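The following exercises concern a single structure, shown below.

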Amino acid sequence: MTIEHGAEKKELLAMDYLISLPVRYDAGAYMGRFLKGLINKEIWANKCPKCGRISVPPRALCGRCLGTEMGEWLKLGDEGTLESFEVCFYDFIQSNTGQIQKAPWVKATFIMDHGAIMEHYMVPPDPTKHKVGDRYKVVWNESRIGEFHDILHFVKKEE
Ligand SMILES: [Zn+2]
């Protein structure tokens, strides 16, 4: 490996090794309620009393008006209307699991109950199989432990 510092170039010795760094953190009251809900197949959101924005996952601060009084809790159903999607043709490392998401994969945005906007994966990764405006439903992980991947992905709802 070569590093440049100004006009000077230095050749560095390098060793490759894998770091194991187990981390635990408090999810907090808002994210904690969301993650606990996933165990019971519940999707929780909260509504800003100032501007009406619904946040899912719930937040302590409103991302739109920066309001700090996030009052009403809303339990959403596990169905939504497809708002937009994109098929991605590159692999990436999922930040919360470290697993590789192999291409192609689909990132989608759904309008849930109460107008809540939720982003997640959708299958199959074939754009001809999806249509904005159609109804989709959550596919739950059989072994839910209170993490984002308790929701595996969305699939088109059978008519
Ligand atoms: Zn707000």
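**Exercise 1.** Does Cys48 count as buried or exposed?

*Solution.* The model is a predicted one.
Step 1. The relative accessibility of Cys48 is 2%.
Step 2. A residue is buried under 20% relative accessible area.
Step 3. Cys48 therefore counts as buried, at 2%.

**Exercise 2.** Which residues coordinate the zinc ion, and what is the geometry of the site of the zinc ion?

*Solution.* 
Step 1. The SG atoms of Cys48, Cys51, Cys62 and Cys65 coordinate the zinc ion at 2.3 to 2.4 Å.
Step 2. The angles among the four donor atoms run from 102 to 116°. The tetrahedral class requires all angles to lie between 85 and 135 degrees, and the site is accordingly tetrahedral.
Step 3. Along the sequence, the donor residues follow the spacing C-x2-C-x10-C-x2-C.
Step 4. Cys51 belongs to the loop between S3 and strand S4 (54–55), and Cys65 to the loop between S4 and S5, so this pair ties together parts 14 residues apart in sequence.
Step 5. As to accessibility, Cys62 is buried, with a relative accessible area of 1%. Cys51 is partly exposed at 29%, and Cys65 is partly exposed at 23%.
Step 6. Concerning disulfides, the structure holds zero.

**Exercise 3.** In what order do the three strands of the open sheet lie, and in which sense do they pair?

*Solution.* 
Step 1. The order is S4-S3-S5, with antiparallel pairing.
Step 2. S4 and S5 are the edge strands, each pairing on one side only.
Step 3. Two antiparallel bridges join S3 and S4. Lys47 stands opposite Ile54 in S4.

**Exercise 4.** Which residues touch the most other members of the largest nonpolar core, and which elements give two or more residues to this core?

*Solution.* 
Step 1. The largest nonpolar core has 23 residues, of which Ile43, Val56, Leu76, Phe110 and Met112 touch the most other members.
Step 2. The elements that give two or more residues to this core include helix H1 (28–39), strand S3 (43–47), strand S5 (72–76) and strand S6 (79–88). Also among them are strand S9 (105–111), strand S10 (117–122), strand S11 (135–140) and strand S12 (151–156).

**Exercise 5.** Where is Gly115 placed, and what separates the C-alpha atoms of Gly115 and Thr81?

*Solution.* 
Step 1. Gly115 is found in the loop between S9 and S10.
Step 2. Its relative accessibility is 44%, so Gly115 counts as partly exposed.
Step 3. Gly115 and Thr81 are 34 residues apart along the chain, and their C-alpha atoms are separated by 9.8 Å.

Definitions and conventions
Residues numbered from 1 in each chain as written. Predicted model: local features only at pLDDT ≥ 70, side-chain atom pairs only at ≥ 80, totals over all residues. Heavy atoms only, no water. Core = buried A, V, L, I, M, F, W, Y, C linked by side-chain atoms within 4.5 Å. Buried < 20%, exposed > 50% of the residue type's maximum accessible area, 1.4 Å probe, protein only. Helix = DSSP H or I, 4+ residues; strand = E, 2+ residues; numbered from the N terminus. Disulfide = S-S within 2.5 Å. Donors = N, O, S within 2.8 Å, 3.2 Å for Na, K, Ca; no water. Tetrahedral: all angles 85-135°; square planar, octahedral: opposite > 155°, others 65-115°. Pairing = 2+ DSSP bridges.
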